[in-house]
Amino acid sequence: MHSNRNINDVYSTSGENRPMFLRQLSSFRPPFPPRVRPPFPPRSSPPFPSRVRPPFPPRGSPPLCRAPFGSSGPSCSHVPRFIPAPRPRWPTRGFPPPTTPGLPRPHPADHRVSSAGMLAPRGINPGDFGGSFRSFSSAVGMTMEHGHRDREPPHKRRRRAEEKNQGGGPRVGGAGQSEDDGFRREPRPNSKDGSRGRGTSRKKQKKEDAKKKTKAQKKQRQRDKTHSRREGKRPPGGRKESQPSSSGQQEDVKSLQRHWEDSPGRTGDTRPPGGVAAFDFSVMSYNILSQRLLQDNVYLYQHCPPGLLTWDQRLPNLLDEMRQHDADILCLQEVQEDHYENQIKPALQALGYQCEYKKRTGNKPDGCAVIFKTSRLSLLSSNPVEFFRLGDALLDRDNVGLVLLLRPNGAERRGADPSACLCVANTHLLYNPNRGDIKLAQLAILLAEIGRLSRLPDGSANPVVLCGDFNSTPRSPLYGFLTTGRLDYRGLQSSMVSGQKDSPTGRRVLKSPLWSHSLGINRQCRYEEDVPGAESSSGSTTAGGVICDLSVQDLATKAAAAAASSASIEHGLKLRSSYQHRLAPDGRPEITTFHSRTASTVDYILYTPESNDPPSLAGGRGLELLGRLSLVGKSEVVKVKGLPNRCHSSDHLPLLANFRFWC
């Protein structure tokens, strides 16, 4: 066939017999005359390394499709028939270059970007065309030779023309190579609008580099400040910087600013007369948020990054808070049993604590713990309290309490009364805001147990510290019952007992009696067997057994008094809170818990104050509040992204108070 025919012979036909796309290209003349370039080096001595190909075709040879064609060849009958191709597109980054029909298409991986941003094929060997090869590019019916040259700034084109006129020729890159025949040149930097930079591209590039350098220096300074803050150092300027979150984003999360404040009612040393000794101790109450309960109620913590809610993230923070406050007595709620046995208990025992624990009844995973330092206190008795009563429709919940009797160490050496001890109780009452009747019944059982354990044979009582999560606000009837010792519940709706709701819901009204007589607890919140000389309710009699004559008015008065007393409950402790529940000086409410549904006070440290009032403590023994760790308001918690957060791993805040026991 025609396997040895030269390609120039194929295209050396008259203009009228040329294919359509060649006639169109032949009608175009470039605006600048072609310059003479040194011929392409012979194949015997390639100017490039063996494995490096030039980024664009060599120059100095007549173009492949210039008109008129060179030598004459065979008749046009041997010219292959070409099918007119669609109009070629402008060479653009990301699109393949135009190729000559009939020639093999180079593989896409065999393209390289030239110094002008064009894509030049590398799969065509210039030696196959009997001379040098010249690339072409076309768009909208025109052909441009060396588009990268036409894109050069005008002053560069003038300089090249002057060098040519002076006979200097093109500058060479060494070893007989022209500048354009060398290796690939670096592309010019892009301008902001995406076009190629021209005369001022270097200045713009310098500005961009300066901006990037400034930005990198700023980031480095930020990293240095963050590192110094993590090491416990304050960054320059005295301002505290935020720490990055677990998700990698910068969060302005700081630790809550809480300070120690003295008891407002304390005026100095109030040492009582006599040779009694003083024993100072600290108590901490903390709901640490059971991990199982967190997972069951995760909708309450949507404001918190998920990475901060894992137990591996929370446990170190919780233990760090306990170590930092270093309390003598810890009362913890929502302590998950497996975490307590495997992690919390061993960690606190290593710090010198003894741990007592009571798990909730049923299949509940958590419970309450009372933990104390063995170097300061000794355990006399540990008494778990279960509020569940089988067959009782009211007491059908699994909440629990724990009451300990603790004796200060070294009481004999200080000349203290050897019978003096502390009664420390811890509990977590039912959460349900609508069931205030259940909360009051649970509280009555706990108070009866506290009264039994704190009471001494001579009728006096040891001081009491009552801690816990009571799920009741400071303005609630339940809180008033704890601090005043009496509650009249006639007509009181069950949903309003705890103060968790602003308006009543449902129609459940408290009825008298609140709990069943089978419970064995009277309305004074004492066990029936503990009440000496219980009065008979049959009526008044004389010594001879004769019933006294009473008027109708006297009978009506007594009936009203009996009805009133039957709709009330009492207790004899008259506890006092170690917090005032209002922030000074603006009077905003303090909060101890925060999540997506509430921000309020439900945790308390209650104690029996010093008093010689017989209704409070028969023997006059009590505790003196020395100071406490301040609480915060809602706005302060909002600023630290709510609870839990990076610094505080529970939805409750720990309460801490110092007391003095005159024993």
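Biologist: What is the bridge partner of glycine 401 in β14?

Modeller: In this predicted model, the partner of glycine 401 is threonine 427. Strands here are DSSP runs of E with at least two residues, helices are runs of H or I with at least four residues, and both are numbered from the N terminus.

Biologist: How many bridges join β13 to β14, and do the strands run parallel or antiparallel?

Modeller: There are 6 bridges between β13 (residues 400–408) and β14 (residues 422–428), and these strands run antiparallel. Two strands count as paired if DSSP finds at least two bridges between them. Strands of a sheet pair through backbone hydrogen bonds, in either a parallel or an antiparallel way.

Biologist: What is the order of the open sheet of 6 strands?

Modeller: The order is β12-β13-β14-β15-β21-β18, and the pairing is mixed. At the edges are β12 (377–386) and β18 (576–577), each of which pairs on one side only.

Biologist: Before we go on, what should I know about how the model was treated?

Modeller: Because the model is predicted, local features need pLDDT of at least 70 and side-chain atom pairs count only at pLDDT 80 or more, while totals for chains, interfaces and linings use all residues. Residues are numbered from 1 along each chain as its sequence is written, and side-chain values use heavy atoms, leaving out hydrogens and water.

Biologist: Now the helices. Which residues of α7 are buried?

Modeller: Among them are Trp311, Leu315, Leu318 and Met322. Buried means under 20% relative accessible area, exposed means over 50%, and partly exposed lies in between (1.4 Å probe, protein chains only). The elements that cover the buried residues of α7 include β8 (278–287), β9 (329–336) and α8 (337–349).

Biologist: How far does α7 reach from its first C-alpha to its last?

Modeller: Helix α7 (residues 311–325) has 15 residues and reaches 21 Å, close to the 21 Å expected at 1.5 Å a residue. The expected span is 1.5 Å times one less than the number of residues. Just after α7, aspartate 326 takes a positive phi of about 50°.

Biologist: Which residue forms a salt bridge with aspartate 328?

Modeller: That residue is arginine 376, and the closest N and O atoms are 3.0 Å apart. A salt bridge is a side-chain nitrogen of Lys or Arg within 4 Å of a carboxyl oxygen of Asp or Glu. Aspartate 328 lies in the loop between α7 and β9, and arginine 376 in the loop between β11 (366–373) and β12, 48 residues apart.

Biologist: Is aspartate 328 buried or exposed?

Modeller: Aspartate 328 is buried, because its relative accessible area is 7%. Arginine 376 is partly exposed, at 26%.

Biologist: How many salt bridges are found in the whole structure?

Modeller: The search finds 17. There is also a network of salt bridges that links Arg486, Arg523 and Glu570.

Biologist: What share of the 663 residues of the chain counts as buried?

Modeller: The share is 44%.

How values were computed:
Contact means heavy atoms within 4.5 Å.
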